[in-house]
Structures are given as C-alpha cells and as structure tokens.
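Hi,

Here is the structure I promised to pass on. My notes on it follow below; have a look at the model alongside them.

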Amino acid sequence: MIEIAFCFDNNMAAAACVAIASLLDFNGDKRVHYRISCICPRETFDYKLKIESIVKKRDGKSTVDFYLAPEEFDGAYEVRGISVSTYLRLLLHRIFPEKRKIIYADVDILFQDTLKALWDDNISGFLIGGVKGAANFRNTWQESMKLPYAEKLKDVTGNYINAGILIMNLEEIRRWNPDESWLQMAGENYYYQDQDILNITCKGKVRYLPVRYNVQAHLTTKEFMRFAKEGIFSKEQCTEAVKRPAVLHYTGPKPWDNRGVNRGKIWWGYVESQKDLSCFFDETKVMNRKTTGLLGKINRHLPFLK
C-alpha cells in the first residue's frame with residue numbers, strides 16, 4: 001500500500017475529488033493500491049461519502065480515511081487566497097505517529113501515472129523529497145531575492161522545491177522535532193507560506209526528485225525546457241516530463257476557473273469523461289478564454305505559485 005495524504009477545505013474539495021479519482025484512474029499498475037488520508041476541517045467531512053464512492057468505484061483495494069484537521073495553524077499567515085489548510089502538511093508526522101513515510105499531494109493536481117517509483121525512492125537520511133520548481137529560473141530567483149526574508153533563501157539558491165508533491169520521512173521529522181519552529185514561522189509573512197518554511201528549514205536534507213513528478217502545468221514546452229538550458233534538470237529528464245508527466249500541477253490560475261490555462265484542456269477532458277466528477281463544476285461560471293493580456297502575464301511571471 002502506498003500512503004498518500006491530501007489536506008484541503010471546502011474551497012478545494014471539488015478539486016480534491018478530481019485529484020483522488022485521477023490517482024486511481026491513471027495508476028497504470030493494478031498491483032499497486034493506495035491508502036488515502038484526507039485531513040480536513042469538520043465542514044469538509046460532507047464530502048466524505050462522495051470521495052469514498054469515488055475510490056470504491058475505481059479500486060476496491062484502495063482505501064480512504066478522513067481526519068479532523070488540527071487547530072495549531074488556525075492563526076497562521078494567509079496570502080493570495082490560500083487558506084491555513086496549506087500548513088497542515090507540516091503536521092503529518094504528528095497526525096500519523098505510526099507511519100514511517102508518506103506522500104503528500106496538493107489537490108490542484110491531475111495524476112497521469114502510478115506513484116510506485118516515487119514511493120520506492122530511498123529517502124533514508126533525508127527529511128523530505130521534492131521536485132525543484134520554476135522558482136529556480138534565474139530571472140525568477142532574482143525577483144525572489146527582493147523578498148524581505150531573502151537572506152534566509154540564499155542557501156537554497158538553485159535548489160528551491162515546489163511543495164505540491166512531497167515524500168515526507170515522518171520518522172526522521174519526528175526525531176528532528178521542528179514543531180515549535182514551524183509553528184512560529186507560520187505566523188510570519190512568508191509569501192509562499194509552508195513552501196518557504198520547508199525550503200528554509202529543510203535545506204541540506206532534501207532528496208531531489210525527477211521533474212516528471214511535479215510538472216508545473218502553466219509552463220509552455222519552451223518555458224519548461226529552461227530547466228535544461230539553465231542546468232536544473234537534464235534535457236532527457238525535461239523531454240520525458242513534457243511527453244510523459246506523472247503529475248500535472250496546476251500552479252497559478254486553475255483550470256476550473258479558466259479553461260484557457262495551459263494544459264487546461266487535459267484537466268477538463270478528464271473531468272468531462274467522468275460523470276461522477278463533472279457534476280461538481282458549473283461551466284457557466286468558468287471563463288472560456290485563453291490566458292492572454294494581464295492574466296497571462298501574471299501566470300508567466302509567477303511560476304512557483306502553489
């Protein structure tokens with residue numbers, strides 16, 4: 001069984017249904033099954049029966065359980081409309097004291113392949129495993145160095161991970177015991193919230209994963225190949241990720257808000273093929289234009305939004 005956790009509230013519950021369904025539909029290995037954990041506030045438990053149905057329909061051997069979100073981060077810093085649920089990944093080592101490791105996934109994700117190789121990756125001696133994001137592009141990093149806490153980020157230059165997909169070594173994190181530090185930092189104005197916190201505190205203890213496990217969907221192919229041009233990943237890794245992504249991560253504008261986002265057709269194509277998912281989305285409220293003009297510029301120049 002592969003252990004995987006999702007943390008979300010009502011704002012992202014419909015997207016969570018899509019992410020979880022795609023996890024099972026695109027498994028690609030019928031011998032692989034998932035133990036899915038959903039960490040949510042009480043009101044989001046209204047989705048429990050629906051998600052259980054989604055899982056049962058697709059894989060009778062995979063399971064899903066709901067856990068009440070702890071309140072430690074209720075007063076944490078919020079920005080860009082991202083709620084305190086984003087910090088819950090920082091508590092997985094306490095929520096699951098018996099588990100040795102777990103995959104954490106955001107819900108603005110469409111899975112495209114099995115996660116078996118990711119799960120089997122050896123993270124012994126590391127705190128977390130993650131994929132280097134587009135934040136490492138030279139011009140983007142120059143902008144991040146203008147943040148008021150830029151000095152804390154200097155040590156991770158070129159190695160900043162996007163926290164949308166993580167392997168978390170819960171056993172090692174418990175030994176490290178970062179709870180007090182993480183809670184304090186969550187109250188400070190880190191623009192990328194828990195993502196900044198993880199990059200700053202886990203530096204030197206991060207296992208860097210293949211880019212196909214967190215393909216930031218807003219990047220065009222040309223933009224994506226900058227990873228190779230700037231030496232962040234090899235050309236072969238980038239080519240494989242473009243042609244055969246394991247995880248599409250819709251950072252920035254979301255396809256359920258605007259069909260025109262890059263690779264939005266892939267997300268919508270999947271949703272509309274599934275009767276138990278398409279009912280969640282009111283298409284009359286979805287923009288049907290391409291992300292050009294101001295929206296497109298925002299999308300291109302903020303490549304490591306969560």
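Let me start with N258: its relative accessibility is 1%, so N258 counts as buried (buried means under 20% relative accessible area, exposed over 50% and partly exposed in between, with a 1.4 Å probe and protein chains only). Please keep in mind that this is a predicted model, where local features need pLDDT of at least 70, side-chain atom pairs count only at pLDDT 80 or more, and totals for chains, interfaces and linings use all residues. Residues are numbered from 1 along each chain as its sequence is written, and side-chain values use heavy atoms, with hydrogens and water left out.

N258 belongs to strand 11, residues 258-260 (helices, H or I, of at least four residues and strands, E, of at least two are DSSP runs, numbered from the N terminus). A polar atom of the N258 side chain lies 2.8 Å from the backbone nitrogen of G260.

Next, some strand pairing (two strands pair if DSSP finds at least two bridges between them). Strand 2 (residues 34-40) runs parallel to strand 3 (residues 63-68), with 6 bridges. The chain gets from strand 2 to strand 3 through helix 2 (residues 48-58), in a right-handed β-α-β crossover (clockwise from the first strand over the helix to the second, with the strands pointing away from the viewer). I36 has V64 in strand 3 as its bridge partner.

There is also an open sheet of 3 strands, ordered 5-10-9 with mixed pairing. Its edge strands, each pairing on one side only, are strand 5 (109-111) and strand 9 (215-216). Strand 5 pairs with strand 10 (residues 247-249) in the antiparallel sense over 3 bridges, and I109 has H249 in strand 10 as its bridge partner.

Best wishes

How values were computed:
Polar contact = N/O pair within 3.5 Å; in protein donor to acceptor, adjacent residues only side chain to side chain.
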